[in-house]
Amino acid sequence: MLTLSFTPFPILESNRLLLRAVSTDDVNEILELRGNPETMKFIPRPLVTSTEMALEHIGMITEKIENNIGINWAITVKGNPKLLGVIGHYRIQTENYRSEIGYMLLPEYQGQGIVSEAINMILEYGFNVLNFHSVEAVVDPENHVSAKVLEKNGFVKEAHFLENEYWDGKFWDSAVYSLLKRNFVKK
(Lines give C-alpha, C1' and ligand atoms only; values in the text may rest on other atoms or scores of the structure.)
Protein backbone atom coordinates (compact mmCIF):
# COMPACT_ATOMS: atom_id res chain seq x y z
CA MET A 1 0.00 0.00 0.00
CA LEU A 2 1.18 3.52 -0.76
CA THR A 3 2.24 5.91 1.99
CA LEU A 4 1.62 9.53 1.06
CA SER A 5 2.92 12.80 2.42
CA PHE A 6 2.06 16.23 1.07
CA THR A 7 4.44 18.02 3.43
CA PRO A 8 6.05 20.20 2.28
CA PHE A 9 3.30 21.10 -0.17
CA PRO A 10 4.44 20.31 -3.72
CA ILE A 11 4.32 23.35 -6.01
CA LEU A 12 4.20 22.26 -9.65
CA GLU A 13 5.37 24.38 -12.58
CA SER A 14 5.20 24.27 -16.36
CA ASN A 15 6.33 26.93 -18.81
CA ARG A 16 3.04 28.81 -18.35
CA LEU A 17 1.36 27.56 -15.17
CA LEU A 18 2.10 27.38 -11.47
CA LEU A 19 0.04 25.02 -9.33
CA ARG A 20 0.13 26.10 -5.68
CA ALA A 21 -1.78 25.49 -2.46
CA VAL A 22 -5.31 26.86 -2.21
CA SER A 23 -5.49 29.40 0.63
CA THR A 24 -8.05 31.62 2.33
CA ASP A 25 -6.78 34.41 0.07
CA ASP A 26 -8.60 32.54 -2.74
CA VAL A 27 -12.00 32.79 -1.07
CA ASN A 28 -13.53 35.12 -3.69
CA GLU A 29 -12.40 32.95 -6.60
CA ILE A 30 -13.62 29.77 -4.86
CA LEU A 31 -16.99 31.48 -4.30
CA GLU A 32 -17.06 32.51 -7.97
CA LEU A 33 -16.03 29.04 -9.18
CA ARG A 34 -18.25 26.88 -6.95
CA GLY A 35 -21.12 29.37 -6.89
CA ASN A 36 -21.48 29.61 -10.66
CA PRO A 37 -24.35 27.46 -11.98
CA GLU A 38 -22.52 27.15 -15.32
CA THR A 39 -19.29 25.71 -13.84
CA MET A 40 -21.29 23.51 -11.45
CA LYS A 41 -23.91 22.21 -13.91
CA PHE A 42 -22.18 18.84 -14.31
CA ILE A 43 -21.16 18.51 -10.66
CA PRO A 44 -23.81 17.08 -8.33
CA ARG A 45 -22.89 19.23 -5.33
CA PRO A 46 -24.51 22.30 -3.76
CA LEU A 47 -23.62 25.75 -5.02
CA VAL A 48 -21.35 27.74 -2.73
CA THR A 49 -23.39 30.86 -2.05
CA SER A 50 -21.47 32.69 0.68
CA THR A 51 -17.98 33.56 1.80
CA GLU A 52 -18.48 31.25 4.78
CA MET A 53 -19.29 28.30 2.49
CA ALA A 54 -16.24 29.10 0.33
CA LEU A 55 -14.04 29.16 3.45
CA GLU A 56 -15.50 25.79 4.52
CA HIS A 57 -14.62 24.38 1.10
CA ILE A 58 -11.05 25.69 1.40
CA GLY A 59 -10.90 24.17 4.89
CA MET A 60 -11.96 20.79 3.49
CA ILE A 61 -9.20 20.98 0.84
CA THR A 62 -6.63 21.89 3.50
CA GLU A 63 -7.77 19.12 5.84
CA LYS A 64 -7.39 16.45 3.13
CA ILE A 65 -3.84 17.66 2.46
CA GLU A 66 -2.96 17.73 6.17
CA ASN A 67 -4.29 14.17 6.55
CA ASN A 68 -2.54 13.00 3.35
CA ILE A 69 -5.79 11.67 1.87
CA GLY A 70 -6.15 14.05 -1.08
CA ILE A 71 -4.43 17.02 -2.68
CA ASN A 72 -5.76 19.94 -4.66
CA TRP A 73 -3.88 22.80 -6.24
CA ALA A 74 -4.88 26.31 -7.23
CA ILE A 75 -4.29 26.73 -10.96
CA THR A 76 -2.50 30.03 -11.64
CA VAL A 77 -0.53 31.59 -14.46
CA LYS A 78 3.09 32.21 -13.51
CA GLY A 79 3.58 35.73 -12.24
CA ASN A 80 -0.09 36.16 -11.25
CA PRO A 81 -1.35 34.62 -7.98
CA LYS A 82 -5.05 34.77 -9.02
CA LEU A 83 -6.73 31.36 -8.78
CA LEU A 84 -8.15 30.46 -12.20
CA GLY A 85 -9.35 27.04 -11.13
CA VAL A 86 -8.68 24.03 -8.95
CA ILE A 87 -7.27 20.61 -9.86
CA GLY A 88 -6.22 17.64 -7.83
CA HIS A 89 -6.05 14.03 -6.80
CA TYR A 90 -9.01 14.37 -4.53
CA ARG A 91 -10.03 10.76 -3.99
CA ILE A 92 -7.02 8.51 -3.44
CA GLN A 93 -7.15 4.74 -2.98
CA THR A 94 -3.73 3.96 -1.51
CA GLU A 95 -4.49 0.23 -1.39
CA ASN A 96 -5.08 0.24 -5.16
CA TYR A 97 -2.34 2.72 -6.12
CA ARG A 98 -5.10 4.74 -7.77
CA SER A 99 -6.53 8.23 -7.59
CA GLU A 100 -9.47 10.10 -8.98
CA ILE A 101 -8.73 13.52 -10.39
CA GLY A 102 -11.08 16.45 -10.57
CA TYR A 103 -10.78 19.95 -11.97
CA MET A 104 -12.72 23.17 -12.45
CA LEU A 105 -11.84 26.37 -14.27
CA LEU A 106 -13.44 29.79 -14.26
CA PRO A 107 -15.39 30.23 -17.55
CA GLU A 108 -13.30 33.13 -18.84
CA TYR A 109 -10.17 30.91 -18.85
CA GLN A 110 -11.71 27.88 -20.55
CA GLY A 111 -10.70 26.90 -24.08
CA GLN A 112 -7.07 27.99 -23.64
CA GLY A 113 -5.52 24.58 -22.92
CA ILE A 114 -5.05 25.42 -19.23
CA VAL A 115 -6.87 22.36 -17.86
CA SER A 116 -5.10 20.01 -20.23
CA GLU A 117 -1.72 21.44 -19.22
CA ALA A 118 -2.60 21.20 -15.52
CA ILE A 119 -3.82 17.60 -15.94
CA ASN A 120 -0.49 16.67 -17.48
CA MET A 121 1.32 18.26 -14.53
CA ILE A 122 -0.64 16.40 -11.86
CA LEU A 123 -0.44 13.13 -13.79
CA GLU A 124 3.34 13.40 -13.89
CA TYR A 125 3.34 14.07 -10.14
CA GLY A 126 0.86 11.24 -9.48
CA PHE A 127 2.65 8.63 -11.53
CA ASN A 128 6.28 9.59 -10.92
CA VAL A 129 6.24 10.98 -7.36
CA LEU A 130 3.24 9.35 -5.68
CA ASN A 131 3.73 6.12 -7.65
CA PHE A 132 0.12 5.64 -8.71
CA HIS A 133 -0.58 2.73 -11.02
CA SER A 134 -3.72 4.31 -12.46
CA VAL A 135 -5.73 7.52 -12.40
CA GLU A 136 -9.42 7.90 -13.10
CA ALA A 137 -11.83 10.77 -13.70
CA VAL A 138 -15.58 10.52 -13.24
CA VAL A 139 -17.62 12.91 -15.36
CA ASP A 140 -21.20 13.52 -16.32
CA PRO A 141 -21.62 11.85 -19.75
CA GLU A 142 -23.18 15.09 -21.02
CA ASN A 143 -19.98 16.98 -20.24
CA HIS A 144 -18.50 16.48 -23.71
CA VAL A 145 -15.83 19.16 -23.23
CA SER A 146 -14.40 17.42 -20.17
CA ALA A 147 -14.49 14.04 -21.94
CA LYS A 148 -12.51 15.53 -24.86
CA VAL A 149 -9.91 16.98 -22.48
CA LEU A 150 -9.49 13.60 -20.80
CA GLU A 151 -9.17 11.77 -24.12
CA LYS A 152 -6.64 14.36 -25.32
CA ASN A 153 -4.59 13.47 -22.23
CA GLY A 154 -4.64 9.73 -22.92
CA PHE A 155 -7.63 8.68 -20.80
CA VAL A 156 -9.90 5.92 -22.07
CA LYS A 157 -13.59 5.62 -21.28
CA GLU A 158 -13.99 2.48 -19.18
CA ALA A 159 -17.57 2.62 -18.00
CA HIS A 160 -20.91 4.37 -18.18
CA PHE A 161 -23.05 3.91 -15.08
CA LEU A 162 -26.74 4.63 -15.44
CA GLU A 163 -28.41 6.72 -12.74
CA ASN A 164 -25.84 5.75 -10.12
CA GLU A 165 -25.91 8.99 -8.12
CA TYR A 166 -28.93 10.78 -6.69
CA TRP A 167 -28.69 14.53 -6.32
CA ASP A 168 -31.16 17.40 -6.15
CA GLY A 169 -34.22 15.35 -7.00
CA LYS A 170 -32.81 13.37 -9.92
CA PHE A 171 -30.57 10.45 -10.73
CA TRP A 172 -27.32 11.22 -12.55
CA ASP A 173 -25.29 9.01 -14.88
CA SER A 174 -21.50 8.79 -14.53
CA ALA A 175 -18.81 8.06 -17.10
CA VAL A 176 -15.47 6.74 -15.82
CA TYR A 177 -12.27 7.50 -17.73
CA SER A 178 -8.90 6.11 -16.71
CA LEU A 179 -5.23 6.12 -17.57
CA LEU A 180 -2.61 3.54 -16.61
CA LYS A 181 0.89 4.68 -15.68
CA ARG A 182 2.41 2.63 -18.51
CA ASN A 183 0.28 4.58 -21.02
CA PHE A 184 1.12 8.04 -19.66
CA VAL A 185 3.06 10.22 -22.07
CA LYS A 186 4.31 13.52 -20.64
CA LYS A 187 3.45 16.46 -22.88
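**View 1. N68 sits in the loop between α3 (51-66) and β3 (71-77).** Helices (H or I, at least four residues) and strands (E, at least two) are DSSP runs, numbered from the N terminus. The model is predicted: local features need pLDDT of at least 70, side-chain atom pairs count only at pLDDT 80 or more, and totals for chains, interfaces and linings use all residues. Residues are numbered from 1 along each chain as its sequence is written, and side-chain values use heavy atoms, with hydrogens and water left out. N68 is not a glycine, yet its phi is positive, about 55 degrees. N68 is partly exposed, at 24% relative accessibility (buried is under 20% relative accessible area, exposed over 50%, partly exposed in between; 1.4 Å probe, protein chains only).

**View 2. Y97 lies in the loop between β4 (80-93) and β5.** Its phi is positive, about 55 degrees, although Y97 is not a glycine. The relative accessible area of Y97 is 29%, so this residue counts as partly exposed.

**View 3. T7 and P8 are joined by a cis peptide bond.** Omega is about -5 degrees. P8 belongs to the segment before β1 (12-13).

**View 4. Helix α1 (residues 27-34) crosses α3 at roughly 100 degrees.** Their axes come within 9 Å. Axes are lines fitted to C-alpha atoms, for helices over the stretch in contact, and angles run from 0 to 180 degrees between N-to-C directions. α1 and α3 are therefore roughly perpendicular (65 to 115 degrees; under 35 is roughly parallel, over 145 roughly antiparallel, the rest oblique). On the α1 side, V27, I30, L31 and R34 make the contact; on the α3 side, T51, A54, L55, H57 and I58 do. Contact means heavy atoms within 4.5 Å. The contact residues divide into six nonpolar, two polar and one charged (Ala, Val, Leu, Ile, Met, Phe, Trp, Tyr, Cys and Pro are nonpolar; Asp, Glu, Lys and Arg charged; the others, Gly among them, polar).

**View 5. The largest pocket has a volume of about 1300 Å³.** Of its 48 lining residues, I43, G102, Y103, M104 and N143 are the closest to the centre. Strand β5 (residues 98-105) gives the most to this lining, with six residues. The lining divides into 22 nonpolar, 13 polar and 13 charged residues. On a 1 Å grid over the protein atoms alone, a pocket is an open set of points where a 1.4 Å probe fits, with protein on both sides within 12 Å along at least five of seven lines; lining residues have an atom within 4 Å of a point. Grid points are joined across faces, edges and corners, and a volume is the space filled by probe spheres set on the points.
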